[in-house]
Amino acid sequence: MSLEDVSRKTDMKTDSSSADQRAVLQDFTVSFFAMCRLGSFPWRALEKELQGPDSPGIVLRILERTVHHPLCLKNPPSVKYRRLFLSELIKKHEAAAGAEPLDELYDAFAEVVGAGEDQVCHKSYFLPSGDTVSLLESTALVSDGTTGLVTWQAAQHLAEWAMERPELFRGRAVLELGSGAGLTGAVVCKSCRPRRYTFSDGHPSVLQLLRGNVALNGLAPPGTPTPGPGTPAVSVAELDWDAAAPEQLEGFQADTVIASDTDVVYDPGVICALVGLLLKLLKLPVQSRSPDVYIASTIRNPETYRLFKSELDKAGIKHRSVPGPTAQVFPYDRKSTIEIVQLHL
């Protein structure tokens with residue numbers, strides 16, 4: 001069930017729900033399923049609503065849209081996260097003047113308070129189309145020696161950018177470098193109608209995760225019936241940036257190449273390998289022209305990012321910054337500097 005479906009269902013249950021309350025409910029839903037920092041939730045707006053006559057009602061509706069949502073039952077955030085979220089919600093509710101205890105709230109907390117911790121969890125994202133993307137991710141930022149088992153800001157930024165420019169992907173064969181958990185690719189597949197999409201990575205644990213997330217989101221591998229019109233054929237490929245053979249790169253027949261994983265330009269050790277791979281791809285004409293190449297990077301270390309651009313210049317790869325997305329779909333910190341560059345020879 002999409003966020004819009006839940007909104008309509010909830011609003012039908014109560015005519016007293018104000019526009020402000022609906023905005024609070026939506027923010028809670030989006031933030032909860034993306035496992036945002038609890039401090040980023042609209043707690044002050046909730047505290048204001050809790051002073052009104054519908055205090056129990058809004059808490060119950062928050063439960064409906066979070067821990068009791070069908071999506072949470074199917075693809076739940078981590079146990080620890082749900083426990084911390086409910087603990088904070090109980091604290092805010094108890095602090096409200098004259099608040100009566102809510103059995104439903106404490107029952108929900110009891111369900112997770114004794115549950116065991118997992119090393120993986122689900123994060124889910126709601127798209128403007130009404131589709132949902134759910135990803136299995138590691139609960140640790142670094143796991144198995146890689147950062148590729150979680151979703152990073154640049155991937156969300158690039159996915160938003162792609163949704164605003166579907167013509168760059170429609171009917172094309174797309175190759176993604178350093179796919180990580182797979183958010184950007186899942187969004188492009190669901191929103192931009194590419195002909196074929198190849199997720200790629202070089203780490204065995206990431207490749208295993210990617211295959212699971214491709215299946216989780218109903219994307220079809222080559223040679224199998226597609227689940228619906230316009231759904232691309234999808235594959236997950238092991239791609240070693242240092243040792244990629246020309247025949248492997250030719251086999252992708254990529255019209256468009258994208259990348260957004262944090263390791264792409266965050267680690268100086270991989271910059272030379274990445275630039276070498278990009279040069280090989282740009283020299284492989286597809287339908288008598290070089291592929292379109294776009295790289296999204298969160299600029300955490302300006303010196304490292306300058307090194308990336310310097311290596312591009314040395315390789316003879318031209319680069320220009322392109323405008324980013326205008327609308328925010330995913331709940332990430334927009335204060336971070338994220339740049340999307342287009343590359344060409």
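**Close-up views of a predicted model**

View 1. Buried means under 20% relative accessible area, using a 1.4 Å probe and protein chains only. This is a predicted model, where local features need pLDDT of at least 70, side-chain atom pairs count only at pLDDT 80 or more, and totals for chains, interfaces and linings use all residues. Residues are numbered from 1 along each chain as its sequence is written, and side-chain values use heavy atoms, leaving out hydrogens and water.

**View 2. Phenylalanine next to phenylalanine.** Aromatic pairs number 15; rings of Phe, Tyr and Trp (its six-membered ring) pair if their centres lie within 6.5 Å, with planes under 30 degrees apart called stacked, over 60 edge-to-face and the rest tilted. Take phenylalanine 32 and phenylalanine 33: their ring centres sit 5.1 Å apart and their planes meet at 85°, so this pair is edge-to-face. Phenylalanine 32 and phenylalanine 33 are both buried. They also belong to one aromatic cluster, whose members include Phe28, Trp43, Tyr81 and Phe126.

View 3. Tyrosine 305 and phenylalanine 308 make a tilted aromatic pair, 6.0 Å centre to centre with 35° between the planes. The two are 3 residues apart in helix 14 (residues 302–314), so about one helical turn separates them. Helices are DSSP runs (H or I, at least four residues), numbered from the N terminus. Tyrosine 305 and phenylalanine 308 are both buried.

Notes:
Buried means under 20% relative accessible area, exposed over 50%, partly exposed in between (1.4 Å probe, protein chains only).
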